[in-house]
Amino acid sequence: MPYPYVLLSAAVSLDGCLDDTTPERLLLSSPADFDRVDEVRASVDAILVGAGTIRADNPRLLVNSADRRAARVAAGKPPYPLKVTVSGSGDLDPAANFWHTGGDKLVCTTDKGAERARALGIAADVVPLGPELDWRRLLTHLHDERGVRRLMVEGGGTIHTQLLQQGLADELQLVLAPLFVGDPDAPRLFGPGAYQEGRLRLTETRRIEDVVLMRYEPTAPGTGPLPSAADRRWLDLACALAAECPPAQTAFSVGAVIVAADGTELARGHSREAGDPVVHAEEAALAKLDPADPRLPGATVYSSLEPCARRSSRPAPCARLILDAGVRRVVTAWQEPDTFVTAADGNGLLTAEGVDVVVLPECAERAKAPNAHLLGLLG
């Protein structure tokens with residue numbers, strides 16, 4: 001972390017197919033939806049497809065609207081987003097439209113695949129990711145080395161599946177076309193495997209001519225020490241709760257959310273909630289739950305600030321309350337500074353007791369904002 005915002009985009013038939021098995025590409029979207037896709041492309045920094053999609057569909061992946069390209073240039077961006085393809089083998093067709101249209105191109109592949117791709121002489125940068133394809137390493141490269149903040153993924157189904165299974169997709173934009181393919185051999189949007197638990201949250205539905213756009217966002221927390229896209233969203237909520245705290249000169253403003261493994265929000269809280277001048281965010285949230293709630297051992301606590309390891313106002317610090325509740329995973333934005341307690345290290349206490357602690361530093365500025373007066377950030 002941090003990774004780009006990953007947006008999955010696809011169109012499917014009513015029976016969940018991306019295409020049929022004929023040589024011609026099956027057009028599932030409507031003209032108005034193709035224009036919507038063009039608008040989304042114009043809004044991102046990079047578009048990614050798999051090598052299989054290049055072989056099957058031979059896409060150009062352009063921003064077709066001259067006005068949208070001009071708007072990108074006016075905003076200091078290139079007229080076309082970076083085009084990225086992923087190939088484990090490096091087996092690519094040098095004659096494909098992908099290489100001969102649009103702006104800069106990037107091939108992300110394995111160490112062996114990089115040798116093969118470079119030998120083709122295609123006009124693209126080739127990035128080896130190691131002996132196997134590693135999505136986290138790929139996203140880190142795009143963010144840190146290529147400046148990609150928003151990534152649109154247009155297929156194929158295997159790539160969509162892998163990103164969802166690994167908890168790396170921030171959003172799914174799915175268009176449903178009013179037809180059936182009816183072919184058991186036709187490619188499907190998602191393949192079998194272990195997905196993140198829980199339901200996705202529906203954020204928008206929109207009729208576009210004869211198709212329907214549905215936008216979803218994953219809600220299930222990550223597992224273990226690896227962050228997921230949903231972790232970032234829940235931690236953003238905790239940071240927003242911190243901004244609701246009554247300001248104080250002797251304590252930080254902190255927000256906390258407790259989320260079950262299936263993405264269900266169990267409780268939330270913030271510092272000095274309900275007029276209690278000394279209550280902490282994690283304490284306030286945990287107090288709203290039955291200590292015997294069977295969902296707690298699989299839950300994740302999101303706190304805008306590292307849970308406290310020592311406090312004088314109550315018998316138990318928040319790190320101990322989390323441990324007593326049986327929670328085994330905590331996600332936080334920044335470590336407690338020495339403003340009130342020197343070397344607090346609540347994260348260290350949790351880790352020593354076997355809790356997975358994930359720190360997302362990209363959320364730190366939002367967590368610090370309600371505490372600017374305590375950190376010397378305001379003049």
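N371 touches F252, S253 and W334, leaving aside residues up to four places away in sequence; contact here means heavy atoms within 4.5 Å. This residue is found in the loop between α12 (364-368) and α13 (372-375). Helices (H or I, at least four residues) and strands (E, at least two) are DSSP runs, numbered from the N terminus. With a relative accessible area of 1%, N371 is buried. The cut-offs are under 20% relative accessible area for buried and over 50% for exposed, with partly exposed in between (1.4 Å probe, protein chains only). A polar atom of the N371 side chain lies 2.6 Å from the backbone nitrogen of S253.

A word on the source: this is a predicted model, where local features need pLDDT of at least 70 and side-chain atom pairs count only at pLDDT 80 or more, while totals for chains, interfaces and linings use all residues. Residues are numbered from 1 along each chain as its sequence is written, and side-chain values use heavy atoms, with hydrogens and water left out.

Now for the sheet. Nine strands form an open sheet with mixed pairing, in the order β5-β4-β3-β2-β6-β1-β7-β9-β8. Two strands count as paired if DSSP finds at least two bridges between them. β5 (125-128) and β8 (201-208) stand at the edges with a single partner strand each, so one side of each has no neighbour in the sheet. From one strand to the next, the twist averages 20°. Strands β3 (residues 82-87) and β4 (residues 105-109) run parallel and are joined by five bridges; K83 has K105 in β4 as its bridge partner.

Helices pack on this sheet too. Helix α6 (residues 135-146) touches β1 (5-12), β2 (46-50), β3, β4, β5 and β6 (150-153), and its direction makes about 160° with that of β3. Helix α7 (residues 157-165) touches β1, β2, β3 and β6, at about 135° to the direction of β1. Such angles run from 0 to 180 degrees between N-to-C directions, and the axes are lines fitted to C-alpha atoms, for helices over the stretch in contact.

Strand β7 (residues 171-176) holds E171, which counts as buried at 4% relative accessibility. The E171 side chain makes a polar contact of 2.9 Å with that of Q173 and another of 2.6 Å with that of R215. A polar contact is a pair of N or O atoms within 3.5 Å; within protein, one must be able to donate a hydrogen and the other to accept it, and residues adjacent in sequence count only if both atoms are side-chain atoms. Not counting residues up to four places away in sequence, E171 touches Y5, V6, L7, L8, R215, Y216 and P218.
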